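Let's learn to read a few features together, one question at a time.

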Amino acid sequence: MPETTKYHFLSDLISTLEADGFIIGTGKHLQLQELLSKLPDDLSLESLKTLLCPIIATNRQDQLRFYELFDLSLQRVRQLEQPTEKSKTKKSKDVEIWRDVIVILFVFLAAWAGYILDWNIFKWWGNPTFLLLIALAGGAIYFAFQALPKWWQRVAYILLLTVMVAIGQLLKRQILPDIQATTEYVTVKIEPGGTTTLAIPLEKDSLLNVTLCDGSTADTSANFGSFFVDSIGNFTLVAKDSFSQSIRDYICVLAHYQIITDTTYFVLQYDPPAEPDTESVAEKTAIAQLDTMSIPFPRDISELQIDLDQQKKAEFYRKNAWWLKLLIISLFGAILWSIAQWRERKRRRLVAQLEQRDKPPYIWNIQSEQAEELIFGDSARIVLNQLRRRRLDDAYKLDIPRTVEATVRSAGRVDFQFKQQTSPPEYLLLIDRHGLNDHRARLFDELYQAFKLNEVNVVRFFYNGDPRLCFNRRYPNGLNIKELQHRFGDARLFIIGNGYELLSPDSGKLSKWASIFTSWRERALFTPKPIANWDRRENYLAEHFYFMPASIESLAATLEEFSNIEPRSPQELIPRLEDAQWRPIEVEGDIISTLRKHYDERRIQWIAACAVYPQLQWDITLFLGREFSNDGDSLLTLENLLKLTQLPWFIEGEIPDAAREELLDYLEKQGLEQHIRQRLHWLFEHAPKPNSDSVAFDEYRINTAGNEWRFTQNRSRRRELEEELTNYYAAGHDLDAVVFKYLNRERSRLDFEAPENWKKRIFNRGDAFFGLRDWVWALPLWVLLTMTVLFFNPKYELCRGEKIPYQGMELCLTQVTDYLLYYEYQIRESIAQQNLVAADSLLNYARQNHYSTGMMEMKPGATKDTPLTEAMRSVSVDTTSFLRNLSVYYYNAGVRFYNTWQHFQDSIRFELEKEETLPQQQESNNIGISSTLLKYQEWNRISDSLAAAGCENFKRGSQLYISGTQGVGYDFYLAIQKLVQKDRQLRQ
């Protein structure tokens with residue numbers, strides 16, 4: 001028989017017997033321990049039935065009941081030991097295996113989360129990859145704190161998962177390189193009449209095709225000639241034979257790949273020679289051209305282009321969303337299943353570890369290091385004096401002085417005189433103790449200790465219901481009543497108990513074996529039963545004993561009568577007793593109202609404080625009594641404790657759960673519960689603690705953890721205590737019913753009562769808080785995660801604004817500045833085509849629809865009296881860059897017209913000078929004169945239109961510059977003045 005199993009069985013058997021009404025005192029505990037020490041180790045548990053029964057049972061009925069409880073306890077221990085043995089054989093391999101499985105699953109999940117993590121497609125709150133990352137972080141942190149005992153292991157594991165996320169990202173970039181769309185500018189110098197071929201900058205990725213930005217492959221421009229692109233990535237420009245002015249413009253080319261599109265701008269530039277071809281023109285005329293301005297706020301329209309690479313990724317997520325969701329759901333299910341299995345294996349191992357405690361002590365008796373001294377009143381001091389009063393013996397002794405005196409008086413005739421001898425009395429005190437926590441027995445034991453300190457010749461024994469076997473510390477195995485009579489037959493016998501065991505159950509009179517008590521000449525029986533409840537049994541006992549109620553004054557009165565030659569009967573003395581209990585305390589209504597009929601408020605608080613701890617222990621009761629004592633008015637008196645023992649709770653050693661709840665509610669309303677629990681926690685911390693490998697250690701930890709859980713406000717500490725209590729409950733230990741109820745939540749009439757067959761599948765032991773099976777929480781959690789993943793459908797669109805096609809690109813316009821940039825390019829094209837009406841229309845539309853952000857602000861000059869409609873205005877966007885750029889576009893267009901007009905004017909003057917050198921006879925030719933006049937008129941008309949166009953562009957640019965900067969555009973006015981001056985000179 002394993003040693004552990006034997007002690008488990010005995011502990012369960014004793015608890016079962018005490019719960020059924022058997023009284024197992026210290027003496028029987030010591031007898032059991034002595035018996036077990038002499039039994040062989042290989043003795044089976046079944047053989048203990050007949051060996052233990054004589055110690056526990058005292059009659060045939062008790063014997064049959066003992067056999068029934070023995071079989072039930074043996075069956076229960078066998079069931080508990082079976083999984084324990086299985087756990088011990090497997091040790092902790094199952095726990096380690098499932099823990100490693102969870103570690104590996106989280107590592108793979110971290111790598112995969114890093115691989116699919118994308119920072120650019122979605123906002124973080126709408127990103128399915130971030131959802132996976134958040135779930136990973138929460139689960140990993142929970143697992144790290146549950147499975148890894150040391151802090152550095154937890155930190156290392158979380159860092160490992162972080163590294164795996166980074167590795168997943170790096171692996172993704174190696175397998176799927178992140179190719180970004182690029183925009184490049186290539187400057188091309190134009191030579192008149194020349195052909196230029198340039199290679200378009202290409203990526204290493206496979207090229208699909210090359211087009212111009214409008215989608216075509218060839219085009220012709222009136223400014224610089226024709227151009228085209230081929231399929232292998234070349235750009236070819238065929239320039240015109242001659243140019244009348246400097247040129248700077250661009251051609252947009254797109255290179256289409258599988259996932260991106262690159263943009264290349266070929267910047268065409270022509271600068272005319274410094275020296276003119278004709279010397280005569282250079283000598284006569286100095287060409288004064290205007291230079292174009294650079295764009296003050298250059299922005300590229302490609303900035304608004306939707307990234308095709310990211311768009312393809314979004315398409316991938318949209319097409320494969322269900323497969324990704326299925327993979328996430330499966331992975332979540334695998335992790336939850338692994339955690340459930342790991343917790344189950346961990347619980348089994350924990351049960352095996354907790355069941356290994358088998359060393360003494362077996363019960364935790366709390367002992368306060370601060371001795372709580374009882375206060376003995378006047379009644380106790382009277383008893384003490386009477387106990388030490390000498391008594392008269394039956395022997396007589398010759399009294400010589402009196403004999404001499406009597407002989408003298410009788411004239412020499414001898415007259416012997418005798419005197420009765422006296423001796424210090426001996427006392428035999430038998431106390432009926434119902435258990436280790438019987439406060440009344442402990443009270444009279446304290447009284448006995450006080451007698452011993454004051455040199456009273458008293459011997460004390462305890463008995464458990466049956467006085468035929470009595471025991472004390474000197475005789476732990478006990479002495480029978482015959483041995484006591486033989487040893488202490490001359491002592492005064494005092495019995496503290498109801499004495500019902502002395503009566504025969506058949507006749508109700510004194511049993512034959514109890515007639516031995518009549519051999520004591522002075523004997524008294526002090527019953528704790530209230531006087532009003534005395535019946536014929538008390539009458540039978542009063543025929544053989546000096547029968548009195550159990551109180552201090554009763555003891556004093558009895559001692560007084562034992563000293564008298566003719567003692568009075570108890571019926572004459574009982575009415576004079578003030579500390580005797582006349583009527584029982586019967587609960588009528590609630591507990592507090594009943595107690596107020598018998599105790600004052602301070603003593604009620606003392607009783608309620610004793611209900612905090614699940615057991616009524618003597619040291620705790622005294623400790624709490626000192627807490628409620630005032631200076632000069634201590635509760636720790638014999639009278640108060642005797643009155644306290646009138647409650648049957650303090651005899652049985654525990655308060656019923658229903659009464660405890662009422663008392664705790666009373667303490668809570670009084671604001672005393674937290675204080676009492678904190679003081680008890682201090683007592684537990686300073687009291688001697690049982691060894692960690694003893695049977696009593698589990699009781700110590702269960703009660704201290706339950707008490708601390710009720711008063712601590714630290715959430716992390718509460719979770720630790722709940723986990724510890726859960727472990728003890730899983731190991732089969734019984735928790736404090738009141739604390740467990742608070743943990744388990746009180747029932748309500750609205751609660752759904754599960755059938756019994758459900759409880760077997762849902763609960764490990766039928767209780768809802770600690771005994772839940774793992775699948776009960778894992779399955780709903782998995783269903784919740786599944787529903788979250790299935791119904792989580794974020795928008796996969798990259799563009800949150802308006803999509804607009806433009807020159808083969810797809811633009812995304814979200815902000816006001818995006819719209820202004822788009823209209824800037826539209827107006828720029830209209831200016832280049834000199835479609836000024838369209839440019840004005842686009843500018844007016846932009847002003848009406850995009851010059852305001854939609855928000856309102858207070859006008860600077862508004863006051864509180866200004867009407868709201870006049871005080872508020874729309875918050876305007878900063879249009880400086882938009883207007884400055886447009887003004888420069890107009891200026892550069894005007895410069896081109898101005899330079900063209902100036903070249904044209906020089907050409908007209910050159911032709912006029914050449915006409916003056918023609919022969920005079922041609923002047924007489926009417927036909928020639930008329931054709932020349934027509935040609936000059938056409939030239940002047942063209943010159944005027946060029947000047948008008950240049951002046952119009954300068955004016956428009958100047959207006960936009962002024963409205964955008966609130967300043968004067970001097971460049972515009974200077975250009976206009978040059979144009980007007982030059983025109984006047986030529987016309988003169």
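The dialogue below goes through surface patches, a helix and a loop residue.

Q: What kind of model is this, and how are residues numbered?
A: This is a predicted model, in which local features need pLDDT of at least 70, side-chain atom pairs count only at pLDDT 80 or more, and totals for chains, interfaces and linings use all residues. Residues are numbered from 1 along each chain as its sequence is written, and side-chain values use heavy atoms, with hydrogens and water left out.

Q: Which residues make the nonpolar surface patch of about 490 Å²?
A: Patches take residues with over 30% relative accessible area and no salt bridge, joining nonpolar side chains (Val, Leu, Ile, Met, Phe, Trp, Tyr) within 5 Å and like charges within 9 Å. Here Trp151, Trp152, Val155 and Leu159 make the patch, and Val155 lies in helix α7, residues 151–175.

Q: Is Val155 buried, partly exposed or exposed?
A: Buried means under 20% relative accessible area, exposed over 50%, and partly exposed in between (1.4 Å probe, protein chains only). Val155 counts as partly exposed because its relative accessibility is 41%.

Q: Which residues gather in a patch of negative charge?
A: Asp590, Glu662, Asp665 and Glu668 do, on the surface. Asp665 sits in helix α23, residues 657–670, and is partly exposed at 32%.

Q: How many residues of α25 are buried?
A: For α25, 16 of its 16 residues are buried.

Q: Where does Leu672 lie?
A: Leu672 is in the loop between α23 and α24 (673–686), and it is buried at 19% relative accessible area. Its C-alpha is separated by 8.3 Å from that of Ala609, 63 residues apart along the chain.

Notes
Accessible areas come from the Shrake-Rupley method with a 1.4 Å probe; for residues, only the protein chains shown count as cover. A salt bridge is a side-chain nitrogen of Lys or Arg within 4 Å of a carboxyl oxygen of Asp or Glu. Lys and Arg count as positive and Asp and Glu as negative; His and the chain ends are not counted. The place of a charge is taken as NZ of Lys, CZ of Arg, CG of Asp or CD of Glu. Helices (H or I, at least four residues) and strands (E, at least two) are DSSP runs, numbered from the N terminus.
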